[in-house]
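Subject: Structure handover

Hello,

Here is the structure we talked about, with the sequence alongside. My notes on it follow below.

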Amino acid sequence: MANRSHLGFHLWICAFLLLSIHGLSFYLPGVAPQDFFKGDKLRVKVNKLASTKTQLPYSYYSIPYCRPNKIVDSAENLGEVLRGDRIENSPYEFQMRVPQMCNVVCRIVLDDKTTKEFKEKIDDEYRVNMILDNLPLVVPMTRLEKDSPVIYQHGFFVGRKVQYAGTKEEKYFINNHLTFTVKYHKDVQTDSARIVGFEVNAFSVKHQYDGDWTGKNRLTTCDAHAKRTVTSSDPPQEVENKKEVIFTYDVDFQESDIKWASRWDTYLLMADDQVHWFSIVNSLMIVLFLSGMVAMIMLRTLYRDISKYNQLETQEEAQEETGWKLVHGDVFRPPVNSDLLCVYVGTGVQFFGMILIAMIFAVLGFLSPSNRGGLMTALLILWVIMGIFGGYASARLYKAFKGTEWKSIALKTAFLFPGIAFAIFFVLNALIWGEKSSGAVPFGTMFALVFLWFGISVPLVFVGSYIGFKKPALDDPVKTNKIPRQIPEQAWYMSSAFSILIGGILPFGAVFIELFFILTSIWLQQFYYIFGFLFIVFVILIVTCAEITIVLCYFQLCSEDYLWWWRSYLTSGSSALYLFLYTIFYFFTKLNITKPVSGILYFGYMLIASYAFFVLTGTIGFYACFWFTRLIYSSVKID
């Protein structure tokens with residue numbers, strides 16, 4: 001029976017990993033499917049203007065595009081607001097499966113102000129984002145390689161800048177004609193259809209017409225009656241003062257074999273999944289190497305040491321002890337700044353719980369990209385809820401250090417990390433406000449964040465701390481001497497600074513390839529939905545942090561240095577330093593950010609991310625070393 005239950009457990013694990021790798025096996029969409037019949041109205045919504053050069057989103061109507069009679073905001077969730085999404089209605093309206101050609105949206109005449117606004121957005125390579133039936137508008141782009149899949153770019157460029165050969169003069173052209181393609185999957189029985197794709201090709205065309213503009217003129221450059229369509233060879237529309245710009249669009253409908261449940265698959269297609277497999281194999285090599293070292297220490301060295309120590313009988317033999325047993329009377333002595341260590345350990349537990357649960361939900365498909373802002377909202381809610389575990393962990397450790405003021409430790413746990421992160425976030429938000437960007441968090445949302453922190457998170461941390469402090473204190477396996485033992489002079493390679501810096505390299509090495517894809521999805525606005533790979537890498541990170549800390553902790557104790565508490569935290573936590581250094585490298589090699597404000601935003605957010613990574617990895621290393629020291633010192637007989 002036992003073997004059968006073990007087999008069942010292993011089958012469950014294998015099934016979970018397979019499903020997580022395939023990513024979309026448990027696709028749970030953010031919205032219910034909507035059926036459209038021929039002639040039904042389709043309303044296109046507009047989202048933010050976004051640029052990888054500035055990282056500052058703007059509302060669609062912040063530049064003088066064609067407007068509907070009344071602009072209506074769609075309700076955004078917390079994550080969408082924090083991302084800078086501003087979803088509004090638009091003048092673009094289609095009829096299901098009714099192709100349209102050369103529809104005139106509006107005509108504007110540029111003045112100095114509007115010319116400057118369009119030129120600035122073209123200079124900064126802003127892209128226009130739209131939504132139809134919850135699908136984002138994409139531009140299909142074919143790669144040069146033969147048989148390579150089509151890749152999709154979020155939104156279309158506002159325009160393009162051209163410099164003609166032999167001149168220094170630059171001309172700006174606006175994309176004023178949009179050729180939409182709506183892909184649908186038809187139900188043969190009911191004749192209804194579901195939308196499975198929303199694509200566009202944007203053109204710049206200087207529209208011509210006869211006579212004066214009345215609003216009902218027939219264009220000679222684009223005419224449905226004469227079957228005259230816009231092509232890339234048409235003269236482009238220049239952005240200049242006093243020039244008129246006529247905005248037009250075509251819409252075509254294409255039947256598709258793609259089913260509604262799989263409509264996101266083309267957007268999320270990872271052409272480079274081999275790189276992810278390489279990343280995992282690379283990480284597993286690191287884990288196997290460390291596991292071998294840990295196994296050698298645990299089975300060979302420790303077993304031999306413990307057997308030898310337990311056979312020591314005479315006082316003379318006991319006095320000749322060397323190695324880690326010598327420091328048994330000091331190894332559980334509370335460290336300096338023990339309160340701060342308790343706070344950081346509690347915060348790390350809070351982070352660990354948040355990321356683990358979010359990762360499981362994401363692997364199971366609950367945080368699909370169709371639910372915009374869902375991931376960020378989930379992370380915030382989980383962080384708040386996990387406050388109870390953070391408070392519990394910090395209070396338990398605090399009591400083990402013979403602390404008595406549990407309310408003080410609860411207060412520090414509730415405010416230290418969130419306070420620092422919120423202060424940086426507030427400064428960055430003020431900079432975004434100064435740029436008049438839609439990425440600036442409104443006052444109402446700021447109030448909601450403060451309420452989540454003070455109204456829910458802080459009380460939960462106090463509840464957790466109260467429960468943790470009421471539990472009986474952890475008993476140390478060995479007694480602590482009253483007088484601290486002198487630590488012998490250490491070799492240079494056993495110094496704190498050296499071992500801490502060395503300890504962070506392997507955990508960072510286990511995740512840095514996946515880190516590249518995460519940074520690309522955040523800063524280059526690409527889809528990231530390979531949570532299966534990410535979950536495996538997260539497990540590998542946990543194992544690597546734990547093992548490297550145990551190995552270095554053992555070497556430290558063998559050299560009669562018993563100050564392991566803080567060092568165990570900093571050993572694996574130092575991987576955050578390498579993460580931040582990598583983000584600096586990424587900034588200068590992959591991003592094309594030119595504005596100082598955008599650079600400050602990048603480094604500000606990456607500083608918060610690195611700080612969070614430090615707290616998470618440090619806590620994993622600390623608990624691994626905590627378990628290891630308690631295990632080895634409880635295994636030997638102390639006279």
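C66 is buried, with a relative accessible area of 4%. This cysteine forms a disulfide with C106, and their sulfur atoms are 1.9 Å apart. The torsion about the S-S bond of C66 and C106 is about -75°, so this disulfide is left-handed. C66 sits in the loop between β1 (41-50) and α2 (78-83), while C106 belongs to strand β3, so the bond ties together parts that are 40 residues apart in sequence. C106 counts as buried because its relative accessibility is 18%, and the cut-off for buried is under 20%. Please keep in mind throughout that this is a predicted model.

A search of the whole structure finds two disulfides. The other pair is C102 and C222, with sulfur atoms 2.0 Å apart. Here C102 lies in strand β3 and C222 in the loop between β12 and β13 (244-255), so the pair ties together parts that are 120 residues apart in sequence. Both C102 and C222 are buried; for C102 the relative accessibility is 11%. If the bonded cysteines of the protein are numbered in sequence order, the pairing reads 1-3, 2-4.

C102 has a further entry on the backbone side. Its phi is near 55°, a positive value in a residue other than glycine, and its place is in strand β3, which covers residues 100-109. D191 also has a positive phi without being glycine, with a value near 65°. D191 is located in the loop between β11 (177-186) and β12 (193-203). With a relative accessibility of 35%, D191 counts as partly exposed.

C545 has 0% relative accessibility and counts as buried. C625 also counts as buried, at 0% relative accessibility.

For the protein as a whole, the secondary structure comes to 17 helices and 13 strands. Of the 639 residues, 51% are buried. The accessible surface comes to about 31,200 Å², and carbon and sulfur atoms account for 62% of that area. How many of the contacts between residues at least 6 apart in sequence join residues at least 24 apart? The share is 81%.

Last, the confidence. The mean pLDDT of the protein is 85, and 88% of its residues reach 70 or more. Over residues 1-30, however, the pLDDT is below 50; beyond near neighbours in sequence, this stretch has 34 contacts in the model. Where pLDDT is low, the predicted coordinates should not be read in detail.

Regards

Conventions
Residues numbered from 1 in each chain as written. Predicted model: local features only at pLDDT ≥ 70, side-chain atom pairs only at ≥ 80, totals over all residues. Heavy atoms only, no water. Helix = DSSP H or I, 4+ residues; strand = E, 2+ residues; numbered from the N terminus. Buried < 20%, exposed > 50% of the residue type's maximum accessible area, 1.4 Å probe, protein only. Contact = heavy atoms within 4.5 Å. Areas by Shrake-Rupley, 256 points an atom, 1.4 Å probe, with all protein chains shown as cover. pLDDT = per-residue confidence, 0-100. Disulfide = S-S within 2.5 Å.
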